[in-house]
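Dear colleague,

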Amino acid sequence: MLKFTIKTEDKHSKARLGEITTFNGKITTPCFVPVATYGAVRTLDPEELKEIRVEAVLANTYHLFERPGADLVKECGGIHKFMNWNGPMLTDSGGFQVFSLGKGIEHGVGKIGFFPGLSVSKIKRISDNKNRFGNVKVAEEGVTFRSYLNGKVYEFTPEFSIKIQEKLGADLIFAFDECTSPLDSYNYTKLSMERTHRWAKRCIEAKTREDQGLFGIIQGGRYKRLRIKSTKFISSLPFFGIGIGGALGRTKREMRNVLLWVSENIDRNKPAHLLGIGQPEDVLLGVEYGMDLFDCVFPTRLARHGVILTKNGKVNLLNSKYKRDFSNLAEHCKCKVCKRFSKAYLHHLFKSKEILAHRLATYHNLYFMVEFINEIREAIKLGRFLEYKRDFLRNYKTRSPKYDSF
Ligand SMILES: [Zn+2]
């Protein structure tokens, strides 16, 4: 049976502890969900994910649709069986990939836009009201775009996205939405949000499987009126859970505002998933505002670039100062990589482009995220989440400004 139970609520913030029950096991929330784009968390075996105590993984619908195809996955018995992962799974709707193919490339931005040095006038200039950008055309029916893999033109509609996700068979699935860019104007964001709302209803109607929990997605960009409207609308529909999507603002301050508006208007009885967010400082902010699930390529992608996460911040192992540093990989980390290998050894493996470097760093970074989330859960349980957040941020060095200064 699919259900979400809230176990403990923090008195000083909107943080809470909960549990999502799926047909393939439970997810304790808050939870960080690693991304398995093509049905694999890059470089790791599902057995290792279990060893790290990863509870759930998220695969990308668009990628699996292109390769190997949803029918093939269905023929095998679904995505769990195909990749031999017996825990809860999530699939996104494909909307974000469509965004990345089009506007993400054209605007040169990611999901959250932080643009140091980019003037407001420039932002205005590149903002637009078009329904066509790059290889992607958005219409009421759905989105047409050209594949970067084979040049074929595809059309993704809300019904099609649900159909593919039903064939893939993840436990938690997402409604098809248009992910707007942080550079989109108010008018475009409004038009797109209203269309996403109509798509949300179509996704509910298209869904046939009872064993999958469908998440609706809140849009509205960085605009207060739109975010509140979208939050109320998506909360009013019979979704199992709610995703917070789209551009979360151009700065961390704007992101905090978006979370505040959402948290004050969302249906708190449903699990909330902050889509595409995974930096520790952002996860803390999300938890503070009642977010339950997070997914992001950040820890695994960083690992492949030679950067490991520690309580003091990120460590770039490629830096020559680690050439003769025979100390353990990360101080205080109890993972099997840190117990057995030194910074100097990983520095050498990265320099020599050994695949083992990617595996070891990925293992450690995911272990770090799991431990981090466990500490957050423990802090909520003890009623000291905000103190934990403050202490963590005091040690964790980031280049972006600390939230507490706002
Ligand atoms: Zn470690």
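**What was found**

Strand 5 and strand 6 (residues 89–91) run parallel and are joined by 3 bridges, and within this pairing Leu58 stands opposite Leu90 of strand 6. Please keep in mind throughout that this is a predicted model. The two strands belong to an open sheet of 8 strands with parallel pairing, in the order 4-15-14-13-12-11-6-5. Strand 4 (31–34) and strand 5 (57–59) stand at its edges with a single partner strand each, so one side of each has no neighbour in the sheet. From one strand to the next, the twist averages 25°.

Turning to the helices, the axes of helix 8 (residues 186–206) and helix 9 (residues 224–236) come within 11 Å and cross at roughly 5°; because angles under 35 degrees count as roughly parallel, the two helices are described as roughly parallel to each other. Helix 8 contributes Thr189, Lys190, Met193, His197 and Ala200 to the contact, while helix 9 contributes Leu226, Ser230, Phe233 and Ile234.

Helix 7 (residues 158–168) is largely enclosed by the rest of the structure, because 8 of its 11 residues are buried. The buried residues include Ile162, Ile164 and Leu168, and also Glu166 and Lys167. Just after this helix, Gly169 takes a positive phi of about 85°.

A cis peptide bond with omega of about 0° joins Thr29 and Pro30, and Pro30 is found in the loop between strand 3 (25–29) and strand 4. Another cis peptide bond, with omega of about 5°, joins Arg67 and Pro68, the latter being placed in the loop between helix 2 (61–66) and helix 3 (70–76).

Positive phi values also occur in residues that are not glycine: His332 has a phi of about 70°, and Lys353 has one near 55°. Lys353 lies in the loop between helix 14 (343–351) and helix 15 (355–381), and is exposed, with 8 other C-beta atoms within 10 Å. His332 lies in the loop between strand 17 and helix 13 and counts as exposed, with 10 C-beta neighbours inside 10 Å. Arg324 is found in the loop between strand 17 (313–316) and helix 13 (336–340), and its C-alpha atom is separated by 9.7 Å from that of His348, 24 residues apart along the chain.

With best regards

Technical notes: Residues numbered from 1 in each chain as written. Predicted model: local features only at pLDDT ≥ 70, side-chain atom pairs only at ≥ 80, totals over all residues. Buried ≥ 20, exposed ≤ 12 C-beta atoms within 10 Å, placed from the backbone. Helix = DSSP H or I, 4+ residues; strand = E, 2+ residues; numbered from the N terminus. Axes fitted to C-alpha atoms, helices over the stretch in contact; angles between N-to-C directions. Parallel < 35°, antiparallel > 145°, perpendicular 65-115°, else oblique. Contact = placed C-beta atoms within 7 Å. Pairing = 2+ DSSP bridges.
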